[in-house]
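Q: I would like a close look at a single part of this protein. Please begin with the pockets of the structure and what surrounds them, and then go on to the charged contacts.

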Amino acid sequence: TTEDIAGWSSEDHERYFTSFLGSLYNSFLDFLTVSRKKPDIFRQISYKTRTLNISNDQLPELKEELDKLLLKYQHEAEIKGTAVPYYLSTIFLPEINYESKS
């Protein structure tokens, strides 16, 4: 939960984030292994980073709405029998340059 995460030390954050990145990287390596046999799979991958300017008060609502949106698409694909698993990783990380200017 958000409350649990807020109680973590800097060392905890570093350890958990490193574990998160390692797991994501392993999934990516699996993807690359499959891509050697199925090069068309590269059409199904994307990765990007963007800065999102919202208020701290809006963040919980954004997370909730994003979860609802993802569940909507998942549910529709499952009903149609067309569901294919995708990894989707989200990281909400305050932009440090903004914080250092405050």
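A: The account below starts with the pockets, passes to a surface patch, and ends with the salt bridges. The model is predicted.

The largest pocket holds about 2600 Å³ of space. Its lining is made up of 48 residues, and Lys48, Leu88, Ser89, Thr90 and Ile91 are those that lie nearest the centre. Helix 3 gives the most, with 10 residues. When the lining of the largest pocket is sorted by class, 29 residues are nonpolar, 11 are polar and 8 are charged.

The second largest pocket contains about 610 Å³ of space. It is lined by 16 residues, and nearest its centre lie Ile5, Lys63, Thr90, Ile91 and Phe92. Here the elements that give two or more residues to the lining are helix 1 (2–6), helix 2 and helix 3. By class, the lining of the second largest pocket divides into 11 nonpolar, 3 polar and 2 charged residues.

In the chain, isoleucine 91 is placed in the loop between helix 3 and helix 4. Its relative accessibility is 44%, and therefore it counts as partly exposed. Isoleucine 91 also belongs to a nonpolar surface patch of about 520 Å², which it makes together with Phe17, Phe20, Leu21, Leu24 and Leu93.

The charged contacts come next. Across the whole structure, a search finds 5 salt bridges.

One of them joins arginine 15 to aspartate 12, with the closest N and O atoms 2.8 Å apart. Both residues belong to helix 2, and because they are 3 residues apart there, about one helical turn separates them. Arginine 15 has 46% relative accessibility, so it counts as partly exposed.

Another salt bridge links lysine 72 with glutamate 76, and its closest N and O atoms are 3.3 Å apart. These two residues lie in helix 3, 4 residues apart, which is about one turn of the helix. Lysine 72 is partly exposed, since its relative accessible area is 41%. Glutamate 76 likewise counts as partly exposed, at 32% relative accessibility.

A further salt bridge is formed by aspartate 40 and arginine 43, whose closest N and O atoms are 3.7 Å apart. A residue counts as exposed when its relative accessible area is over 50%. Aspartate 40 has a relative accessible area of 53% and is therefore exposed. Arginine 43 has a relative accessible area of 72%, so it is exposed as well.

Finally, Glu64, Glu65 and Lys68 are linked with one another in a network of salt bridges.

Terms used:
Residues are numbered from 1 along each chain as its sequence is written. This is a predicted model: local features need pLDDT of at least 70, side-chain atom pairs count only at pLDDT 80 or more; totals for chains, interfaces and linings use all residues. Side-chain values use heavy atoms; hydrogens and water are left out. On a 1 Å grid over the protein atoms alone, a cavity is a set of points where a 1.4 Å probe fits but cannot get out, and a pocket is an open set with protein on both sides within 12 Å along at least five of seven lines; lining residues have an atom within 4 Å of a point. Grid points are joined across faces, edges and corners, and a volume is the space filled by probe spheres set on the points. Ala, Val, Leu, Ile, Met, Phe, Trp, Tyr, Cys and Pro count as nonpolar, Asp, Glu, Lys and Arg as charged, and the others, Gly among them, as polar. Patches are made of residues with over 30% relative accessible area and no salt bridge: like charges are joined within 9 Å, nonpolar side chains (Val, Leu, Ile, Met, Phe, Trp, Tyr) within 5 Å. Accessible areas come from the Shrake-Rupley method with a 1.4 Å probe; for residues, only the protein chains shown count as cover. A salt bridge is a side-chain nitrogen of Lys or Arg within 4 Å of a carboxyl oxygen of Asp or Glu. Buried means under 20% relative accessible area, exposed over 50%, partly exposed in between (1.4 Å probe, protein chains only).
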